[in-house]
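Open the model in your viewer and keep the selection panel at hand.

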Amino acid sequence: MPSVTAADGPVVVTGASGFIGAHTIIALLKRGYDVRGCVTDLGNKDKTDFLSSLNDSHPGTVTLHQANLLEDGSYDAVIDGCSAVLHVGTPMGYGGVNKPQQVYDGMIGGINNIVGSVRNAGTVKRLVYTSSFAAIGHPAPPGYRYTESDWASDNREDDEKWNTENLNEKGEVGYAYGKVEGEHLVNRLAAEDGRFEAVSCCPIVVLGPLLSPVHECVGSWQWALGQTLEGKHNPRGWQALWNIVDVRDVGEAQVLMIESDNCSNGSRYQLSATNESGEISAKRLQEHLQALFPNLEVGSPPPKYDEMVAKYGGPYDSPRAHCDKAREELGLETHSIEDTLRTTGESMIGLGLVTPKGR
């Protein structure tokens, strides 16, 4: 099935006001696409004004449309006549906005509703589904290198939590389970239809420049980085590495996925660190930030960090994952870890989300 270009007609981005969705729109606008951005509430200026302003500085155009992932037919009008859909939006659990069961139901129901509108339109050639590394990471020894062939459902034979029963009591299991099922579902629906291809991407720790205060998302990785820049203890501790990908690279990758002839139905791209430089411990994060912001008092890892690291023989060596496939097949060029961390911090300070503490 042929790839998509800006000349083929409008493209749709769901979750347009979100951190990844907004940067996906920018990547499309830079290439001259006519973008239809979907939000749940056109009256929320915090989520729409910054998107509308993008028309002033890019060759493409973006128009905003109100739609709801949980409503069947809600996307019929906006997808009609479009050549591609980038399905970025999904219910999230940050700050307790949605319970795990709602997150899971929103993922699966959202895919069914989006695909229903794609089928009705009959013009879409490619659908990009923003999954997550949560659909890849599974129980494995420290230092294990994950690739696109891994699924979060692997090595779960003895995991009593790996099911959809009582999801509200299982924390993030519902998110990971839903992303695995979501990828399989969208691939199967595309294969059954035959008129469009489904391609998935799986971002991990996404950082980079925030475009609006709504991108802070209490509990997110960028929020945790902001806490550290305020001189507080980093709430993300020793238990895992920060495996970092730049949000601008995630947006760029999504566009490359609709344009690449290397993609076909079921293709999957892990969007993670470029190399070992982007796989850092909480202590290394502190060192990076202190070097990038020398006039600020940067917070340390959590209390007892050194004690826990010593107890377990070093920082937990996982997750290890590189975006080799996206770089090789899509031609993705990535930002350095220093640039990613710097622009994250600068944007959070500039938006008033962080009150830095001088040294």
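Select S200 and show its contacts (heavy atoms within 4.5 Å). Leaving out residues up to four places away in sequence, S200 touches Y129, E183, V186, N187, M257, S267, R268 and Y269. This is a predicted model: local features need pLDDT of at least 70, side-chain atom pairs count only at pLDDT 80 or more, and totals for chains, interfaces and linings use all residues. Residues are numbered from 1 along each chain as its sequence is written, and side-chain values use heavy atoms, with hydrogens and water left out.

Now colour strand 7, residues 197–203. S200 sits in this strand; strands are DSSP runs of E, at least two residues, and helices are runs of H or I, at least four, both numbered from the N terminus. Is S200 buried or exposed? S200 is buried, because its relative accessible area is 1%; buried means under 20%, exposed over 50%, partly exposed in between, with a 1.4 Å probe and protein chains only. Next, draw a distance from S200 to G15.

Move to the second largest pocket. Select H23, I26, A27, K30, R248, D249, E252, L256, G331, L332, E333 and H335, which line this pocket. A pocket is an open set of points on a 1 Å grid over the protein atoms alone, with protein on both sides within 12 Å along at least five of seven lines; lining residues have an atom within 4 Å of a point. Its volume is about 180 Å³, counted as the space filled by probe spheres set on points joined across faces, edges and corners. Helix 1 (19–30) and helix 7 (247–259) each supply at least two lining residues.

Select V118, R119, G122, T123, V124, D193, R195 and F196 to see its lining. The space inside is about 30 Å³. The structure holds 1 cavity of 30 Å³ or more.

Finally, zoom out to the whole chain. Colour by secondary structure: there are 11 helices and 12 strands. The C-alpha trace spans about 60 × 50 × 40 Å along its principal axes. Of the 359 residues, 55% count as buried.

How values were computed. 1 Å grid on protein atoms, 1.4 Å probe; cavity = no way out; pocket = protein on both sides within 12 Å on 5 of 7 lines; lining within 4 Å.
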